[in-house]
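Here are my notes for a first look. Have the model open beside you as you read.

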Amino acid sequence: MKFSKLSALVLSGLLAAASAAVSPAALGAEPPPLPKDLPAFGADRPLPVPAIAKSTLPNGLTLWLVKRPGFPKVSAALVVRGGGVVDPPGMEGVSQLLASTLKEGTAKKTSRQVAEELQAIGGDLAVNSSYDAVTLHASSLATGADRLLALLGAVALTPAFPPEEVALAKENALQELAAAEAESDYLARKAFAEAVYGGHPYHVVQASRETIGKTTPELLRKEHARRFRPDQALLIVGGDLDEAAAKASVAKAFGSWKGSGEKLPETPPSPAARPRKIRLVDRPGSVQSTIVSGRPGPLVSDPDWYDVLVANTIYADASVSRLFRNLREDKGYTYSPSGDFTSRRAGSLLEMQADVRNEVTAATLLEVFYELDRMAATKPTPDELSGAKRFQGGLYLLRNQIQAAVVGTLARNWVNGLPPEALGEFVTKVNAVTAEGVQAAGRKYFLSGSQSVVVVGDAKAVRGQLELFGTVKETKP
């Protein structure tokens, strides 16, 4: 009998939780070998790609209907290209305020009426802004599909931006910014984004006080009109659908939508990696350092994207990664180092973060650089390679079991320039990664000399340690 992928992931989670409870004295010990008679992992199955009925409305809106019978719900995502990358100069971050106020009332409905109508059909509606798009996610019972699409159309096409709602959103944004500025994590992310991207639009982490202060309902209406164009939007509707009825509902809700003005410019390519520099953000009195290192990576459509994904899993993005074992289990420098690999339309980002005691800041950086260079110098072991591929394949399948998640994955792929068929290619392409491909990715993207490094901490305590690795540039929070 073979484990299912879900059983394997549950077992992995239980083992990880158990390992977290081990006493510090045992952290450096080698884990005991697993019993030899454990059943083999089952083969990963690619995610089936549902039938997608593709069409384009006369106004240019792209429509994908994803019929998934058997569960009486419907999920929808309206994706409009034009997120943070098209914020006007001097108003960087305004797209975040646009997203937070978009559903707070339409031309005919108040914010409360929108919420009550959603409640009546067992629905929900959320809006978020990324660097590359503004996305509206909505769902309801299948019997409420027509009302859901009508409400989604009203929110997307005729938002009112009531002054009182805009004022509340601005106050909330100021409070969130003040709270973030007190955290070393935010200071590190802000300085790191500036170090990696320079003047590229991807360098903006959060709306500034200046942007928040200058935001008005009139400006939000102008930005909405500039961005929300049917010819640069995708509507995905998935669930227990009647295709003809769904098309009729979409035509009724979105058929009158027209764009105006010039099309938005394409996002400029992500900048290339720069030679390693160390930036220090002084946080007087801090008893620990927040260390972030990383660099731009490939496009999600590049041939080596999957090699980098698996390589990063081996390097830092799992509780069995090399960096996790080194910094936590062997050295005891930090509780939970992490490694992210984030994809965007104009390029991905590799990023490692760890919070460590002041006195081991230099020692931690030494190990980070060692593990980065080891990715280039050595091939992964067979166990490392198979474990990383199982981790990524299983995680993808687990995340995409839910209908709304499938709609969300299709939407993200579209924003990043991938066709809908990419939904079913992930597991197959992950499983095709080889040890040679991982090492090649290590040589191209993981060498320590190509990483931007930011440390947030008490300059008096850590500056001398950082200077062991070269010139240190001190920056303001």
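1. Start with Phe 369, which is buried at a relative accessible area of 6% (buried means under 20%, exposed over 50%, partly exposed in between, with a 1.4 Å probe and protein chains only). Before going on, note that this is a predicted model, where local features need pLDDT of at least 70, side-chain atom pairs count only at pLDDT 80 or more, and totals for chains, interfaces and linings use all residues. Numbering runs from 1 along each chain as its sequence is written, and side-chain values use heavy atoms, leaving out hydrogens and water.

2. What does Phe 369 pair with? Its partner is Phe 469, in an edge-to-face arrangement with 5.4 Å centre to centre and 85° between the planes. (Rings of Phe, Tyr and Trp, the last by its six-membered ring, pair if their centres lie within 6.5 Å; planes under 30 degrees apart are stacked, over 60 edge-to-face, the rest tilted.) Phe 369 sits in helix H12 (residues 361-377) and Phe 469 in the loop between H17 and E12, so the pair ties together parts 100 residues apart in sequence. (Helices, H or I with at least four residues, and strands, E with at least two, are DSSP runs numbered from the N terminus.) Phe 469 is partly exposed, at 21% relative accessible area.

3. Now look at Tyr 396 and Phe 426, a stacked pair with 4.1 Å centre to centre and 10° between the planes. Tyr 396 belongs to helix H13 (residues 382-399) and Phe 426 to helix H15 (residues 426-431), 30 residues apart. Both residues are buried. Ring pairs also join them with Trp 305, Tyr 306 and Phe 341 in a cluster.

4. Next, the open sheet: its 6 strands run E9-E10-E8-E11-E7-E12, with mixed pairing (two strands pair if DSSP finds at least two bridges between them). Strands E9 (338-342) and E12 (472-475) are at the edges with a single partner strand each, so one side of each has no neighbour in the sheet. Further in, E8 (residues 288-296) and E10 (residues 349-357) pair in the antiparallel sense over 9 bridges. Arg 295 stands opposite Leu 350 in E10.

5. Finally, the largest nonpolar core has 64 residues, of which Tyr 315 and Phe 446 touch the most other members. (Such a core is a set of buried Ala, Val, Leu, Ile, Met, Phe, Trp, Tyr and Cys residues joined through side-chain atoms within 4.5 Å.) Helix H10 (residues 305-315) gives the largest share, 8 residues.
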